[in-house]
Amino acid sequence: MSEDTSRRSMTRRTRDFTVLIGTTGTVLLLLAATGALGLIEALSAFGVIASVAVAYFAGSAARVPRAFNEPAADPQAAGPVHASPALLMALPLPALEIGPGQKIAAYNRAADDLFQLTSLPFARASAVIRSPVLLAAIDQALDRSLPGPFSAELETGPDETWRAHVSRIPAGRNVLVLLEDLTPVKRAARARADFLANASHELRTPLTAISGFIETMRGPAKDDTAAWPRFLDIMAGESDRMSRLIADLLSLSRIESSEHVLPRGREDFSEIVSAAVAALQPIAAEQGIRLHLADAAAPLPEITAHRDELIQVVENLVSNAVKYSRPGSEVSVSFGASPSLAEARVRASQTWELSGRMTLLQALARSQLPEPAVWLRVEDQGPGIEREHLPRLGERFYRADQSRGGKITGTGLGLAIVKHIMAHHRGGLAVETRMGQGTAFGVWMPAARE
């Protein structure tokens with residue numbers, strides 16, 4: 001505050017003090033002159049009033065008003081100014097008021113929900129905040145060595161990000177900490193980046209199939225024109241499927257939100273499996289892997305399904321098996337029918353002894369009675385998957401490549417798509433693995449009702 005403002009304030013206070021003393025003395029003298037008050041009593045009263053006035057004037061004159069955002073000349077002499085409790089409670093974000101010694105002086109409901117402060121009365125900031133950067137900023141703000149408001153992004157977990165705002169409370173010694181949850185924003189940004197990466201991953205399979213048939217028609221089958229129509233049909237189907245695959249990736253969120261709506265089309269499950277495996281034969285042959293399709297022991301019942309989605313399920317499982325198999329090994333695909341979902345689950349995912357198993361998605365029965373079901377099992381002879389990775393298989397973008405070779409490229413969206421599609425069809429998904437021997441993924445779903 002300027003020197004002129006201070007001088008004017010002192011002049012006004014001196015004038016008020018003079019008027020108070022003069023008025024009080026005049027009243028007491030009139031009372032003494034009229035005999036209403038004795039002279040001794042009047043002088044005593046005047047002395048008491050004058051002493052009180054002088055003490056008040058001397059004690060308050062030094063407290064010159066400051067602007068709201070002007071710090072005290074001596075921080076230690078400043079009073080314990082607090083943030084408004086009503087303001088803290090009105091904030092929708094977690095807010096903490098921290099005093100000297102990092103003691104939490106006040107907080108709002110959002111902060112209590114985040115840190116459970118009700119069960120930690122008189123807690124210090126270091127007891128609930130685990131970020132060294134934020135704690136250092138709080139200490140600097142308390143020591144008034146922080147030049148201004150401080151903001152920083154904090155990684156508080158594998159998939160959790162917060163932005164912390166630290167600022168001093170004007171004319172006081174306490175610090176206000178405001179926390180902003182950036183997790184939804186970061187997830188959305190990460191999802192956009194993962195979508196672009198996974199789009200190329202999912203489009204690689206049909207493109208490789210088409211390229212394989214083109215090379216076959218240019219090379220070994222160059223003069224075998226009788227086989228060209230079959231090759232062209234498969235290539236046309238893969239080209240159409242590639243277009244539909246783009247739409248499926250764009251509408252993955254729609255598939256998740258419509259999982260409660262059952263498909264209506266009736267399809268031949270054995271024909272779907274055969275078509276998907278045939279499309280991947282050139283890819284397996286190119287990598288030196290035998291892709292074996294075992295015939296079903298008996299005719300399969302029809303299923304209520306979306307054809308393109310189930311083709312995507314088979315291709316994702318088979319392409320993953322081929323990807324993680326060693327050259328010269330074999331990928332086996334088997335399928336069949338069972339009288340119940342429970343038996344279909346056993347046939348699809350509980351065949352090997354002494355294996356690690358995990359059900360990633362449990363099929364939903366439509367009635368209490370056993371109902372016919374179909375199942376599919378895809379086995380590889382790869383390195384296997386470590387047990388600690390099994391519970392997280394099927395999560396979006398989660399990859400367990402470290403336990404399966406570590407050099408495999410991909411983004412981990414394939415199993416997530418399989419899981420959501422099987423949920424859409426009220427089916428199940430499970431994994432069975434043996435370290436050093438191989439892994440098997442199985443799916444099962446109810447057959448169409450008559």
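Reader: How far from the centre of the ring of W352 does the charged end of R377 sit?
Author: The charged end of R377 sits over the ring of W352, where a charge counts as over a ring if NZ of Lys or CZ of Arg is within 6 Å of the ring centre and within 35 degrees of the ring normal. This is a predicted model, in which local features need pLDDT of at least 70 and side-chain atom pairs count only at pLDDT 80 or more, while totals for chains, interfaces and linings use all residues. Residues are numbered from 1 along each chain as its sequence is written, and side-chain values use heavy atoms, with hydrogens and water left out. For R377, the distance to the centre of the W352 ring is 5.0 Å.

Reader: Which residue lies over the face of W352 at 4.3 Å from the ring centre?
Author: The charged end of R377 sits over the ring of W352. The residue that lies over the face of W352 at 4.3 Å from the ring centre is R434.

Reader: What percentage of the residues in the chain is buried?
Author: The chain has 13 helices and 13 strands, taken as DSSP runs (H or I of at least four residues for helices, E of at least two for strands) and numbered from the N terminus. Buried means under 20% relative accessible area, exposed means over 50%, and partly exposed lies in between, with a 1.4 Å probe and protein chains only. Of the 450 residues in the chain, the buried share is 41%.

Reader: How many of the 17 residues of helix 11 are buried?
Author: Helix 11 runs over residues 307–323 and reaches 24 Å from its first C-alpha to its last, close to the 24 Å expected at 1.5 Å a residue, the expected span being 1.5 Å times one less than the number of residues. Helix 11 is also mostly covered, and of its 17 residues the buried ones number 15.

Reader: What is the angle between the planes of F213 and F231?
Author: Rings of Phe, Tyr and Trp (its six-membered ring) pair if their centres lie within 6.5 Å, with planes under 30 degrees apart counted as stacked, over 60 as edge-to-face and the rest as tilted, and by this rule there are two aromatic pairs. F213 and F231 form a tilted pair, 5.4 Å centre to centre. The pair links distant parts of the chain, with F213 in helix 7 (residues 183–218) and F231 in helix 8 (residues 228–250), and both F213 and F231 are buried. The angle between their planes is 40°.

Reader: How many residues apart are F269 and F335?
Author: F269 and F335 form an edge-to-face pair, 6.4 Å centre to centre with 80° between the planes, and both F269 and F335 are buried. F269 lies in helix 10 (residues 269–286) and F335 in strand 9, so that this pair, too, links distant parts of the chain, and the separation in residues is 66.

Reader: Which residue is joined to S338 by a polar contact between side chains?
Author: S338 is in strand 9 (residues 330–338) and is buried, because its relative accessible area is 6%. Leaving out residues up to four places away in sequence, S338 touches residues including E343, R347 and P372, contact meaning heavy atoms within 4.5 Å. A polar contact is a pair of N or O atoms within 3.5 Å, where within protein one must be able to donate a hydrogen and the other to accept it, and residues adjacent in sequence count only if both atoms are side-chain atoms. At 3.4 Å, the side chain of S338 is joined in this way to that of W375.

Reader: Is S340 buried or exposed?
Author: S340 is in the loop between strand 9 and helix 12 (341–349), and, apart from its neighbours within four places in sequence, is in contact with P370, E371 and A373. Because its relative accessibility is 17%, S340 counts as buried.

Reader: What is the phi of R426, which is not a glycine?
Author: Most residues other than glycine have a negative phi. Q116, in the loop between helix 4 (109–115) and helix 5 (125–128), has a positive phi of about 55° although it is not a glycine, and Q116 is partly exposed, because its relative accessible area is 49%. R426 is in the loop between helix 13 (414–424) and strand 12 (428–434) and is buried, because its relative accessible area is 15%. The phi of R426 is positive as well, at about 60°.
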